[in-house]
Amino acid sequence: MWVCVSDVFDVNSIIKDILKSAGCQDLENKTLDELLNLLRETLSTKKYLLILDDLWNEDRNKWLKLGDWLEGGERGSKVLVTTRSLRVAEVTDARSVIHVLRGLSEDKPWNLFKKMAFGDGAESSDPGLEVIGRDIVKKCAGVPLAIRTVGGLLYGKTKDEWLRYKVRELPEIREIDEADDGIMQVLKFSYDHLRSSLKHCFAYCSLFPKDYVYDKKMVIHLWVAQGFIESPNGEDNLEEVADMYLSELLCRSFLDVDEKGVDGEVWTFKMHDLMHDLAQKVAGGECKIVNFKGGHNDRGIRHASFILEFFSEEKMMSPLDLHKLRTLIFLGGSWHVLNFDRVFSRGKHCRVLHLDYADIHLPLSSIEKLKHLSEPPTTLE
């Protein structure tokens, strides 16, 4: 079983995701007690391996409570936690074995960089370019994601451009260390050299939670609806241009392919956790997953997504300026609790309404208030 935990350590959500990963269904309306009983039944006769990915919780009591509920497996069952914080690793369990992962060693960083900067199996005929490239690779400290993004940035660039990046821009980035700050600076360096239109598309993906599987056609619809796609001559098919945008973000490792069709066409894609952090950072206050936990000023949001576990209609109506919203995304679950007529009457400038398999019954009178919505393009249906 594999569960992406990420920033919010919400026990109900974690248990649901564990059960979903184990193949259980119809979990949305179950109480915590019902979920725990189902978890015990599911694990009681199994020897299991559970991966809890990208954990950030430093509260040992929360961890111990979750650990107690995972005791039901057969002898030899294991829980593997991945985290970017040594403190988190230490609070998980006194019996834990901690493995600190290091960067790639020997020639592996250079081989990966060559693949990204020159193309598969290609070599540079210019020895001077290799010297510059090896110096740039050292800045990445063997971190594969950093190597891939910088290599993708330099693909097709001239020797003078390589030299400019090495001499003028990369020295401003401090060495990568265990704190992740250096990695984020390298990724931000690559982001800063994206075209403006690609920056908007990349940042917009932060509206979905970490480890989310994005449907390519759906994302293209959203980008087009928000006006992020630019036609150079004003006559190009915007969906086809958006497809090229997506291909460029994939080639430069800002996004990762999840599934392809038999013809090689990308169907779904994902985003690395660090890239998701970067997308949230560069989106600033405009794009946000609203969790209503307080402590944030949400009035500047233009694009908002909502997760059912953290939802409250009263809280939704008070901190958000719905008149300014251009995107409303509801992620999964049953949203019968929400008065959509009330919400839509205040969100008349919305250009995207995305329900993501949510259980919602929308009266026509509510939909008619969203005057800027249009049918999805038929070319991608």
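**Basis and confidence**

Because the model is predicted, local features are reported at pLDDT of at least 70 and side-chain atom pairs at pLDDT 80 or more, while totals for chains, interfaces and linings use all residues. Residues are numbered from 1 along each chain as its sequence is written, and side-chain values rest on heavy atoms, with hydrogens and water left out.

The mean pLDDT (the predictor's confidence in each residue, from 0 to 100) is 81 for the protein, and 78% of the residues reach 70 or more. Helices (H or I, at least four residues) and strands (E, at least two) are DSSP runs numbered from the N terminus. Where pLDDT is low, the predicted coordinates should not be read in detail.

**Aromatic packing**

The structure holds 11 aromatic pairs. Rings of Phe, Tyr and Trp (its six-membered ring) pair if their centres lie within 6.5 Å; planes under 30 degrees apart count as stacked, over 60 as edge-to-face and the rest as tilted. Two of the stacked pairs are tabulated here.

| Pair | Centre to centre | Angle between planes |
|---|---|---|
| Trp 110 and Phe 113 | 5.6 Å | 25 degrees |
| Phe 118 and Trp 162 | 5.5 Å | 15 degrees |

Trp 110 and Phe 113 both belong to helix 5 (residues 108–118), where they are 3 residues apart, about one turn of the helix. Trp 110 is buried (under 20% relative accessible area, with exposed over 50% and partly exposed in between, for a 1.4 Å probe and protein chains only) at 6% relative accessibility, and Phe 113 is buried at 0%. Phe 118 lies in helix 5 and Trp 162 in helix 8 (residues 159–169), so their pair ties together parts that are 44 residues apart in sequence. Phe 118 is buried at 17%, as is Trp 162 at 1%. Trp 110, Phe 113, Phe 118 and Trp 162 form one aromatic cluster.

Charges also sit over rings, a term that requires NZ of Lys or CZ of Arg within 6 Å of the ring centre and within 35 degrees of the ring normal. The charged end of Arg 164 is placed over the ring of Tyr 165, 5.0 Å from its centre, and that of Lys 199 over the ring of Tyr 191, at 5.4 Å.

An open antiparallel sheet is formed by 3 strands in the order 4-6-5. Two strands pair if DSSP finds at least two bridges between them. Strand 4 (214–215) and strand 5 (256–260) are the edge strands, each pairing on one side only. Strands 5 and 6 run antiparallel and are joined by 4 bridges; Glu 259 has Thr 268 in strand 6 as its bridge partner.

**Thr 327**

Thr 327 lies in strand 9 (residues 327–331) and is buried at 0% relative accessibility. Its side chain makes a polar contact (N or O atoms within 3.5 Å; within protein, one must be able to donate a hydrogen and the other to accept it, and residues adjacent in sequence count only if both atoms are side-chain atoms) of 2.7 Å with the side chain of Gln 226. A polar contact of 2.8 Å links the side chains of Thr 327 and His 303. Beyond its neighbours within four places in sequence, Thr 327 is in contact with residues including Tyr 204, Leu 207, Cys 350 and Val 352.

How values were computed. Contact means heavy atoms within 4.5 Å.
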